[in-house]
Amino acid sequence: MAEQGVAQVWRKIRAIYNIQGNHCTTCDTYYFPPRPTCPQCRRKGVLEVYKFKGLGKVYSFAIVRSAPETFKRQLPYVIAQIEMDEGARLTAQIVNVDPENVTIGMRVRSCFRKITTYGESGLIVYGYKFEPTMEVTGHE
Amino acid sequence: MTDKVAIIGVGMSKFGELWDKSLMDITMEAGMLSIFDSQVRGEDIDGIVVGNMSAGRFTGQEHLGALAADMGGLGPLPSYSVEAACASGGAAVRQAYMAILSGEHDMMMVLGCEKMSDVNQTEAMNTISVAGDWEWEGMFGATFPALYAFMARRHMQQFGTTDEHMSLVTVKNHANAAHNPWAQYQRPVPLKVVMGSGMLADPIRVLHSSPVTDGAAGLVMCSVETAKKYTDTPILIESSTQAGDTLALHDRKDITTMNSVVLSSKLALKEAKVELKDIDVFELHDSFTIGEIMLTEDIGICKKGEGGKILEEGITEIGGQYPVNTSGGLKARGHPVGATGVAQIVELTLQLRGDAEGRQIDGAEKGMAVNIGGTGATSIVHVLGR
Amino acid sequence: MVGKVNPGIVGYGVYIPRYRIKTESIAVVWGEDGARLARGLGVFEKSVPGPDEDVATISVEAARNAVKHARIDPREIGAVYVGSESHPYAVKPTGTIVAEAIECTSDMTCADFEFACKAGTAAIQTSMGLVSSKMVKYALAIGSDTAQGRPGDALEYSAAAGGAAFIIGEENPVATITHTSSYTTDTPDFWRREGEAFPSHGARFTGEPAYFRHVGEGIKALFKKTDTTVDDYDYFVFHMPNGKFPLAMGRQVGVPPEKLEDSLVVRHIGNTYSGSAMMGLARILDIAKPGDKICMVAYGSGAGSDSFALTVEDEIVEHRGAVPTVDDYIARKTYVDYATYAKFRRKLKALS
């Protein structure tokens, strides 16, 4: 079943490669992932495409020790809710850090990693993960 | 049309890893037991609602409504499934309630069921995780325990809730389930053992998490007028409410509160014309023990943040002021996803009838069940009365 | 070969994964003398890609750095070429993943390159041609690898992961490429058959008839065509299969070791294959002064060498500090043991 997942992933490539969501110009709220309508303004909302800067802080996190097949090689890994500077929150792994060193409020920056694969012969899904901001990420 | 819906029959299969029984075996068992309990005849049933989350992924079969009617030999009556993730059972109860209230149906069977052990544990975990936002949470590595762990960690940071608090829920619910003949686990578990269990997704431990379970529960519901033909003690549904929230946890303003629960429970009390202190027994959705802690706060048993404190004080034990999960809850009774919401109603019905042997709340007259879908995107509340 | 205006590097960026394994940690598994091996090879530790990293992710990080460093609008990039011998797909280009991730699709051309360790520099030469002929305004050439070493083989000590991205253009380059020259023959020193997990090689045959002959002849041809000698260059960068070959090559050509020293990243991160010479060049660009002249020779098994003469421009000063340097990435490291390394590099058969 190597063809599984193709169209579903392809439709959101811009969103998952570049954290591209949208911005409601009517109420000045930022959304990720992109939404079909602004939940606050609905038909009065005017949405434009918006690419997030990729900077944010950790809102909450967990250290996963039991996971599905495609994630086994990475155990234990840190999964977190990241609050981006623009206000929207998303869910992503935090890499390049030891799990003991993750804290709520820690500053992070987005990076580009393999998210999952559809089996040995199927599609590789790439997308966003986050890492602590430090000199080597061009910060501080 | 009627203005009150009654429950006149209940039945459950044993909950557990049931290798010898198929999904239909356990569903039929629950259904038939509830019919015998109600003393109605099969021909009197005029509709079936099945609550089930994912028979397609667990067993390969969909279209359970037709299958149930067929296997039960109940003829060409209308029958279909409803799905609201872990609140599928509650949704099925609500569906039947609305159908009878409207007069479209008079006597319905509600069947909640799930057979989870026909796939391996990893597959079962994958399937459960789509109760959350698969695309934007699950695919990125957020397992279902990880989502509850996000909530737990904020709750711990903001209110000082501890590992011990989350473990006390397990101890209480296992102690209660020791008296529940249908529960998956019927032995008490010491606090030390709970706190020594491994981590699933820090800070949530393996023994803070409900298990993978097979099971089914059934109800026979009808208008209160029809109920009088069969029993002097129909249990009445005083209110049935539902509220929702964003699918993805990261889209919620505050993840230490389930706003869907706040809304639906407040409305349920209002429609039942009771106050929280009038409720004698509670079934609160504890897919993870932090869930029970949050729910006690969100329905108003205590202030936000004090869910841990009331455990220390024994307020939610049998004999406490607000007994929660006398059945053992999802943690100890088990959590066959689609069956849970119906099993909660079964427990409340037994309590209000005075038939909850070994775990009875004396003189219980009102009960409340809160059934959650996913991380709180759906909350379905029922208030039952005698 | 070049028009009136020389093409140059308008911006560059690199990426090296965080994990490292020491030569000694590998040696102890195979019963070898790690300290002696490390000194003998001139490789003390090498970079290891994490389980969620591959040539696509490494190339994207390097390319994003390059775009930021160059301060250009990525939509003006008209070509993206990724050179590697460990592309994630056998069929499906890495280049399009990079292009989408730096948002320069869709009015552009793209392809993947393979020529062992000189796939990236071949991409640079192609980019120079596209830019000089005015077919495109900017072209992005990347050399990036997550090379696999056969367990127990000598190459296991050096096969490493990393990538370097160079944006070629004519406007305000940070360094001008004044000349390029290649020396190519059909020489089977190192190869990997389709479907094989690990490469094979001719052991000592990879030395004199392969690396040394092609790099030596390549640099001789460059000197002749540009009428220059060793003395005209401030820095030399040779492909680094280990820490010894480039120094030995330098001795053969007459390059004083101090002109080679600063490019020898191999000592700390191993051989990043298609990224090797380009990473060395990036480090030189991190520290060179305007007016400095650089000679880089990349070598790819199979075999061939690509030589380049570059002049550092004043413009380079403006761009410093925009993105992490090679040294920043080298300094960011966490050690793993052999077991973790084997798990990450999928050398354990059971795990899918």
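Of the 352 residues of chain C, 55% count as buried. The model is predicted. Chain C is built from 13 helices and 14 strands. Its radius of gyration is 19 Å, close to the 20 Å that the globule rule gives for 352 residues, so chain C is as compact as a globular protein of that length.

**Overall form of chain C**
- The C-alpha trace of chain C spans about 60 × 45 × 40 Å along its principal axes.
- Take the contacts in chain C between residues at least 6 apart in sequence: 79% of them join residues at least 24 apart.

**The nonpolar core**
- The largest nonpolar core has 274 residues.
- Within this core, M221(B), L140(C) and I167(C) touch the most other members.
- I167(C) has contacts beyond its neighbours within four places in sequence, among them I9(C), V10(C), G11(C) and Y12(C).
- A66(C), A70(C), I72(C) and I77(C) are also in contact with I167(C).
- Y138(C) and L140(C) touch I167(C) too.

**Where chain C meets chain A**
- Chain C gives 23 residues to this contact, and chain A gives 20 residues.
- On the side of chain C that touches chain A, the elements giving two or more residues are α3 (55–70), α4 (94–101) and α12 (326–331) of chain C.
- α3(C) gives the largest share of that side, four residues.
- By class, the side of chain C that touches chain A has ten nonpolar, ten charged and three polar residues.

Technical notes: Residues numbered from 1 in each chain as written. Chains lettered and ligands numbered in written order. Predicted model: local features only at pLDDT ≥ 70, side-chain atom pairs only at ≥ 80, totals over all residues. Contact = placed C-beta atoms within 7 Å. Nonpolar A, V, L, I, M, F, W, Y, C, P; charged D, E, K, R; others polar. Rg over C-alpha atoms; globule rule 2.2 N^0.38 Å. Buried ≥ 20, exposed ≤ 12 C-beta atoms within 10 Å, placed from the backbone. Core = buried A, V, L, I, M, F, W, Y, C linked by C-beta atoms within 7 Å.
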